[in-house]
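Here's a quick briefing on how the pieces of this one pack together. Have a look at the model first, then read on.

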Amino acid sequence: MERIEITPSEWEVMRVLWANGELGSSDIVTVLQKKRQWKPTTTKTLLSRLVAKGYVETKSEGNRYLYRSTIRESDAWDDAAKDLFSFVCSRNRAKKLARLIEARELSHDDIAVIEASLARAKENSVKDIVCDCFKGQCCCHLEQ
C-alpha cells in the first residue's frame, strides 16, 4: 500500500468522517466550524483534496454528495507514526516514545493498554537495537 499523506487540516476532516461514517459536506462544515471556525469553502476545499488523493469518496444522494473515508484511521495513524519515527535514530525511539507518553494526560485504562502493549513487545524484544543512521546523523558513532 502507498504511504498515506495527510496534512494537519486534512486530519481534522478525516477525524469527522472516521467518527461519523458517511456525511454531507454541510454536516462536516458544522462540526469543524465549532472547532476551527473555518469558512464552509475551507472545509469543501479540504474535502476536494482528500477525494483527489483517494482517501475520501463521494456518493450522490439527491442534490447533495455524501462523503466517506476510503482509508482506516488505524492505517493513517500507522503511516504517520512511521513517518515521525523515520526522523529518529532507531536506538533513540524508546526515549521518544517515553516522552510522548509522559507529555500527555493518561487515564488508568490508557496506562493498562500501554502496559499490555509493552508486555507483548517484551515477548519479541531483542538484546540491542542497531543504529540505522548515516555517520554524522546521530551520536551513536561517538560511542564506538
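Leaving aside its neighbours within four places in sequence, E12 is in contact (heavy atoms within 4.5 Å) with L32, K35, R36 and W38. This is a predicted model, so local features need pLDDT of at least 70 and side-chain atom pairs count only at pLDDT 80 or more, while totals for chains, interfaces and linings use all residues. Residues are numbered from 1 along each chain as its sequence is written, and side-chain values use heavy atoms, with hydrogens and water left out.

**E12**
- E12 counts as buried because its relative accessible area is 10%, and buried means under 20% with a 1.4 Å probe, protein chains only.

**Helices α2 and α3**
- The axes (lines fitted to C-alpha atoms over the stretch in contact) of α2 (residues 25–36) and α3 (residues 40–53) come within 9 Å and cross at roughly 120°.
- On the α2 side, S25, I28, V29, L32 and Q33 meet P40, T43, K44 and L47 of α3.

- Skipping neighbours within four places in sequence, Y55 is in contact with R3, I4, E5, I6, M14, L50, R68, S69, T70 and I71.

Conventions: Axes fitted to C-alpha atoms, helices over the stretch in contact; angles between N-to-C directions. Helix = DSSP H or I, 4+ residues; strand = E, 2+ residues; numbered from the N terminus. Buried < 20%, exposed > 50% of the residue type's maximum accessible area, 1.4 Å probe, protein only.
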